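Hi there,

Here is the structure I promised to pass on to you. Have a look at it first, and then read my notes below.

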Amino acid sequence: MARREIRPTTARSPKCETDRVTNDEAVTGTATGTQASDRQPAGSGASDGALRLLNELADDDALRADPHSVYRALRAQGGPVVAAPERNEVMLLDYDVSLAVLRDPRCSTNPSHRIRPPGEEDADDFRVAMTSGNSRVLLFLDPPDHTRLRRLVSKAFTPRAVERLRPHIAEIVDGILDDAADAGEFDVVEDLGYRLAVTVICELMGVPTSDRHLFGPWSSAASRLLDGATITAEELQASVEGAVALSTYFEDLFVERRRSPGEDLVSALLAVEEEGDRLTPDELRSIVVLLFIAGHETTMNLIGNGTLALLRHPDQLALLAADPELAPSAVEELLRFDGPVQLTGRIPTCDVEIEGYRFDRGTQLTVMLMAANRDPARFDDPDRLDITRTDNAHLSFSGGMHYCLGASLARVEAQVAVGKLTDRFGDVLELRTDDVRFREHVVLRGLTELRVATR
Ligand code: HEM
């Protein structure tokens with residue numbers, strides 16, 4: 001079959017009229033990092049503290065247990081927007097600024113737009129590698145490639161498509177909870193969160209569920225790549241090995257599905273790839289691996305973090321157990337209160353002014369999604385868990401063109417899982433893990449385990 005070559009574009013955002021600073025100016029001249037036009041982000045004293053605190057999040061069990069204390073300290077030290085000019089980085093804790101940055105098409109996820117501080121220009125960045133050559137991850141692509149790829153997969157994840165899965169998701173959860181009732185105790189993270197989310201994504205993608213025991217360690221390791229500079233050389237090695245193991249698994253599955261296609265997403269994407277003009281083989285592999293990892297790591301963590309939050313707020317647990325109709329609003333509040341994705345990044349592709357702040361081209365903007373979710377200027381009494389909260393437009397699924405593709409699926413899975421768990425065991429649910437610990441991941445926040453009694 002004839003193939004037309006698809007030329008990847010790393011186009012600058014068309015919305016940028018001019019690039020007003022040169023590479024040098026951006027890091028050495030007056031335009032270091034960010035400067036406010038009429039609002040003042042904190043200077044480098046506060047930013048040293050900010051970066052140190054964030055790095056400690058990766059290493060310190062106690063801080064990982066309560067990152068909100070870190071965010072509160074950052075806000076107190078540096079205000080809602082903390083600049084680290086010497087690193088050409090800015091950290092956003094403010095809801096309005098974060099949302100405006102996420103929605104601004106001049107702010108890209110593509111790391112090749114980053115202007116690094118002097119001395120680090122040649123630093124290896126796995127993220128750059130993920131957008132070029134043979135590894136092109138949707139999350140880090142700009143239009144038009146982003147638009148083309150996202151369109152190919154978005155149909156499978158529309159609210160309507162996902163709502164059709166709800167009865168089947170309920171069957172899976174019932175089966176898991178039957179086992180939990182028999183056992184008298186179970187691990188909400190592994191036995192409910194992981195088993196549910198991995199089963200659903202396997203079924204959607206046509207991956208044999210009998211292989212599901214393989215994926216947990218690979219995905220967990222591979223997702224640490226998101227933590228960038230906070231991981232050690234050994235952790236990086238393990239992450240790369242996890243990613244390679246997943247890629248190899250899918251290469252073998254592609255051979256199998258080409259031989260005997262099914263009704264699943266992988267078979268559908270293989271058919272598109274064979275048409276030759278909309279999806280390259282590298283893009284196919286990247287999108288399948290991303291969907292697969294994103295499709296269960298985060299949802300598993302939402303179910304774990306959310307159940308822990310309910311156990312720590314027995315009044316809210318009782319409220320939900322008494323009224324299962326509250327499940328959708330409870331899940332929104334659990335996403336806001338302790339969501340599984342802590343932060344994301346954007347890089348302005350030209351000098352921009354957003355919500356009164358000026359950010360220079362090439363600056364790394366770290367959007368602290370979970371800090372924005374507790375911004376007292378946006379949410380009433382933000383540190384209170386209130387599953388009946390109605391004004392709850394949290395940023396846990398991000399915003400703008402990279403808004404989570406799987407948000408509807410994650411919502412339905414969590415609503416069914418948390419709803420049925422509290423409906424069935426609300427009276428007896430009791431924490432059995434003595435030492436509740438969060439994994440070392442910084443970007444994806446989740447528990448190592450959460451054992452609970454079911455009788
Ligand atoms: C509670 C569960 C989940 C959370 C909190 C979550 C969060 C996020 C966030 C914050 C982003 C955007 C990052 C950015 O803007 O830089 C994102 C993107 C994405 N998510 Fe999710 N996610 C969840 C579940 C899922 C599921 C179940 C799937 C797939 C089945 C999925 C697939 C994706 C994909 C493909 C992207 C990239 C979208 C793009 O770049 O256009 N996610 N997710």
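Two strands count as a pair if DSSP finds at least two bridges between them. With that in mind, look at β10 and β11 (residues 451-453): two bridges join them, and they run antiparallel. Within this pair, Glu430 stands opposite Ala453 of β11. Please remember as you go that this is a predicted model.

Which order do the strands of the sheet follow? The order is β5-β11-β10, in an open sheet of three strands with antiparallel pairing. Its edge strands are β5 (185-187) and β10 (430-431), each of which pairs on one side only. In general, strands of a sheet pair through backbone hydrogen bonds, and this can be parallel or antiparallel.

Next, the ligand. It is surrounded by 26 residues, and the closest are Gly295, Ser398, Cys404, Gly406 and Ala410. Two or more residues of this shell come from each of α14 (281-311) and α18 (407-425), and α14 gives the most, with seven residues. By class, the shell around the ligand holds 15 nonpolar, 10 polar and one charged residues.

Finally, the nonpolar core. The largest one has 109 residues, and Leu92, Met205, Met368 and Ala417 have the most contacts inside it. Helix α14 turns up here too, giving the largest share of this core with 13 residues. What does Ala417 touch, leaving aside its neighbours within four places in sequence? Ala417 is in contact with Val173, Leu192, Leu196 and Ile303.

Enjoy exploring!

Best wishes

Key. Residues numbered from 1 in each chain as written. Predicted model: local features only at pLDDT ≥ 70, side-chain atom pairs only at ≥ 80, totals over all residues. Helix = DSSP H or I, 4+ residues; strand = E, 2+ residues; numbered from the N terminus. Near = placed C-beta within 6 Å. Nonpolar A, V, L, I, M, F, W, Y, C, P; charged D, E, K, R; others polar. Core = buried A, V, L, I, M, F, W, Y, C linked by C-beta atoms within 7 Å. Buried ≥ 20, exposed ≤ 12 C-beta atoms within 10 Å, placed from the backbone. Contact = placed C-beta atoms within 7 Å.
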